[in-house]
Amino acid sequence: MYLKVKKKYNRILIKGIKNQTGTLPDLKQDYLNESAPAMLAAMRYSRSFIPTLRDAPADAEVTSHKLLLRAGYIRRVTSGVYDYLPLALLVLRKIEAVIRDEMNRAGAQELLMPMVQPGELWEKSERMEKYGPELLRFKDRHSHESCLGPTHEEVICDLVSRELRSYKQLPMNLYQIQNKFRDEIRPRFGLMRGREFVMKDAYSFHADEESLAAEYKNMFEAYTRIFTRFGLKFRPVEADTGSIGGSDSHEFHVLAESGEDLIAHCSGCDYAANVEKAVSVRASTSCEQAALNMVETPGVTSVEDVADFLSVDIGLLVKTLVYRVNGGEHDGAIVATCVAGDDQVQEIKLAHVLGADSVEMASDDDIASIGGITGFVGPQQLSGRVLVDMRLQGATGLVAGANQPDTHVTGLDITRDIAEPEFADLRETRAGDVCERCGGMIELSRGIEVGQVFALGTRYTEPMEVIFQNQQGKRSVATMGCYGIGVSRLMAAIVEQCNDEAGINWPLALAPFQVGLISMGRSDAVRDTSETIYRQLADAGIEILWDERNERPGVKFKDFELIGLPFQIVIGDRGLKDGEVEIGWRQQQRKTVAVADVVNIVLTELHATEANS
């Protein structure tokens with residue numbers, strides 16, 4: 001429960017705080033004394049560090065980046081690295097509290113591991129080079145190579161390998177909330193794609209795959225509860241395992257137009273997947289079988305221009321793209337891929353088919369080395385491997401490059417004209433495709449990835465020698481899962497969903513302060529009444545920010561709308577003449593209530609909102 005009403009005041013506050021004279025009860029003088037200890041989550045604006053800005057910096061691109069800067073939550077230190085100012089830290093701590101609550105409820109145990117990791121652990125897992133330039137490496141004064149941890153699979157495996165002896169110690173799930181560092185080549189969008197960030201990462205260890213599957217489901221359900229408690233519109237989707245590796249994975253996406261990820265989901269069932277992973281059905285492209293025929297197409301290279309030049313449907317074109325393979329058994333190989341002219345090659349799918357770390361577009365020389373000509377590449381008579389998307393299997397009457405300058409071929413028959421084609425799912429799912437599971441229509445949405453769960457199997461435990469004695473008394477390798485939530489990215493994602501033209505609109509459970517108290521005027525009556533209400537609410541455990549600054553009303557209102565506190569109390573001379581103040585939810589019509597009823601009404605409204613959230 002977020003509204004922590006102190007026990008000794010709970011009964012009197014719920015019933016109402018009027019005393020027999022109908023006025024606010026007197027507070028003990030030590031509560032009014034400036035030298036008294038500060039109450040929980042109560043702050044005067046004049047003593048707060050909230051450096052708001054009239055305008056967003058020019059380099060701020062997305063809504064959350066602009067608003068978190070303008071509202072005084074974050075400040076840039078260097079590219080992709082930010083200071084979290086007091087308001088931001090209050091929000092982060094609330095996010096962390098929910099995550100801890102659900103992780104503990106799910107049976108995980110918290111620990112803390114170092115951010116600096118020894119290089120030999122990464123060498124042992126064979127990720128030192130494979131992880132790439134995002135792994136920030138350095139040497140200490142003894143020339144010992146280390147890195148700043150982007151993730152902690154190696155460290156946790158090293159710890160468990162030294163302590164695990166028997167199957168009786170399994171399963172176990174250990175988690176931490178800690179800073180990570182990934183040396184992104186192009187940090188952008190503020191907290192959504194930074195180099196240093198706050199993350200919750202958990203790691204589970206198991207005696208068998210059945211136990212891992214059960215914990216994977218347990219963590220999936222815990223994540224669902226976490227994001228539901230935040231009141232977010234989110235969707236779990238099937239995902240590629242990426243550089244982490246493993247077999248199964250789901251990402252949790254907060255739905256937002258600013259999201260970097262494109263997710264495919266079915267209108268008829270619960271199927272959803274990142275487009276890097278999504279599979280779907282689209283009608284094959286084909287026409288009547290015909291002889292292969294050379295056609296001059298001078299200077300016409302793009303599929304759109306070729307289709308227009310030959311007056312054919314773009315779906316009848318074969319788009320042949322040539323790639324160089326990076327990593328894996330086929331490292332350095334040059335391969336050609338074919339998809340229909342109205343499709344796109346999904347490069348992560350291609351990398352998986354090839355067992356590669358990644359693929360990159362081939363150079364002109366690479367293309368020439370397998371018999372192709374840039375701009376006019378076709379799949380026929382190439383010397384390298386030719387991978388063809390399943391949609392083109394058995395297709396006839398197609399148009400493709402002729403591997404000759406300014407020339408295309410018509411009448412291409414995939415089976416007849418390509419030597420040993422290899423068929424695989426290479427195309428990227430599009431809106432309007434058909435769902436393989438139920439036949440419904442595939443739709444696309446933008447999402448911000450805020451969490452991911454992985455079934456890693458023995459990807460790390462085997463090289464890191466996480467071994468135990470099983471029930472048969474034999475040595476066995478533990479199987480493993482990992483589960484991450486981007487805490488700082490989640491804060492940005494929440495702002496992407498919860499904002500309006502005036503500023504941030506925090507959910508009550510996550511706001512840095514639940515209530516904003518604004519004093520209008522300089523009279524003793526305004527100051528004393530504000531002080532009394534401020535102290536009463538603070539003593540009741542309500543998180544309150546009191547704006548007692550000597551500023552114009554417009555400045556105060558704009559600041560409070562910008563920083564996004566859910567509930568407002570406005571105290572001014574005009575209302576006090578009638579014994580009244582104004583209260584109301586952010587961006588809603590405020591109502592007038594008697595001074596003596598303020599605290600009771602505020603508590604009732606906050607409790608009711610919390611109970612319904």
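I took a salt bridge to be a side-chain nitrogen of Lys or Arg within 4 Å of a carboxyl oxygen of Asp or Glu. The model is predicted, so I kept to pLDDT of at least 70 for local features and 80 or more for side-chain atom pairs, while totals for chains, interfaces and linings use all residues. Residues are numbered from 1 along each chain as its sequence is written, and side-chain values use heavy atoms, with hydrogens and water left out.

**Salt bridges**

I looked up the total: the structure holds 40 salt bridges. I then went through some of them.

I started with arginine 105 and glutamate 102, whose side chains form a salt bridge at 3.3 Å, N to O. Both sit in helix H4 (residues 86-105), three residues apart, which means about one helical turn separates them. I noted the general rule: an α-helix has 3.6 residues a turn, so residues three or four places apart point the same way. Helices here are DSSP runs of H or I with at least four residues, strands are runs of E with at least two, and both are numbered from the N terminus.

Next I checked burial for this pair. I used relative accessible area with a 1.4 Å probe and protein chains only: buried is under 20%, exposed is over 50%, and partly exposed lies in between. Arginine 105 is exposed at 58%. Glutamate 102 is buried at 2%.

I moved on to aspartate 343 and arginine 391, a salt bridge with its closest N and O atoms 2.7 Å apart. This pair links distant parts of the chain, 48 residues apart. Aspartate 343 lies in the loop between strand S16 (334-340) and helix H9 (347-354), and arginine 391 in the loop between strand S18 (385-389) and strand S19 (398-401). Both residues are buried. They also belong to a network of salt bridges that links Arg282, Asp342, Asp343, Arg391, Arg427, Arg430 and Asp433.

I also looked at aspartate 547 and arginine 549. Their closest N and O atoms are 2.9 Å apart in a salt bridge, and both residues are buried.

**Helix pairs**

Two packed helices are described by the angle between their axes and the distance between the axes. My axes are lines fitted to C-alpha atoms, for helices over the stretch in contact, and angles run from 0 to 180 degrees between N-to-C directions. Under 35 degrees counts as roughly parallel, over 145 as roughly antiparallel, 65 to 115 as roughly perpendicular, and the rest as oblique.

How do H4 and H7 lie to each other? They are roughly antiparallel. The axes of H4 and helix H7 (residues 209-229) come within 10 Å and cross at roughly 150 degrees. Contact means heavy atoms within 4.5 Å. On the H4 side I found Val98, Ile99, Asp101, Glu102, Met103 and Arg105, and on the H7 side Met219, Ala222, Tyr223, Arg225, Ile226 and Arg229. By class, the contact of H4 with H7 has seven nonpolar, no polar and five charged residues. For classes, I counted Ala, Val, Leu, Ile, Met, Phe, Trp, Tyr, Cys and Pro as nonpolar, Asp, Glu, Lys and Arg as charged, and the others, Gly among them, as polar.

Helix H13 (residues 524-539) and helix H16 (residues 598-612) have axes that come within 10 Å and cross at roughly 40 degrees. H13 and H16 are therefore oblique. Ile533, Gln536 and Leu537 in H13 meet Val598, Val599 and Val602 in H16. This contact of H13 with H16 holds five nonpolar residues, one polar and no charged.

**Helix H12**

I found ten of the eleven residues of helix H12 (residues 487-497) buried, so H12 is largely enclosed by the rest of the structure. Among the buried ones are Arg489 and Glu496.

Helix H3 (residues 63-70) packs on H12 at about 100 degrees, with the axes 8 Å apart. That makes H3 roughly perpendicular to H12. Thr63, Ser64, Leu67 and Leu68 of H3 touch Ala492, Val495 and Glu496 of H12. The contact of H3 with H12 divides into four nonpolar, two polar and one charged.

**Two single residues**

Arginine 385 is in strand S18 and is partly exposed at 28%. Its C-alpha atom is 8.4 Å from that of threonine 337, 48 residues away along the chain. Beyond neighbours within four places in sequence, arginine 385 contacts His330, Ile334, Val335, Ala336, Leu354 and Glu422.

Glycine 579 is in the loop between helix H15 (573-576) and strand S31 (580-585). I read glycine 579 as partly exposed, at 31%. Leaving out neighbours within four places in sequence, glycine 579 contacts Val593, Ala594 and Val595.
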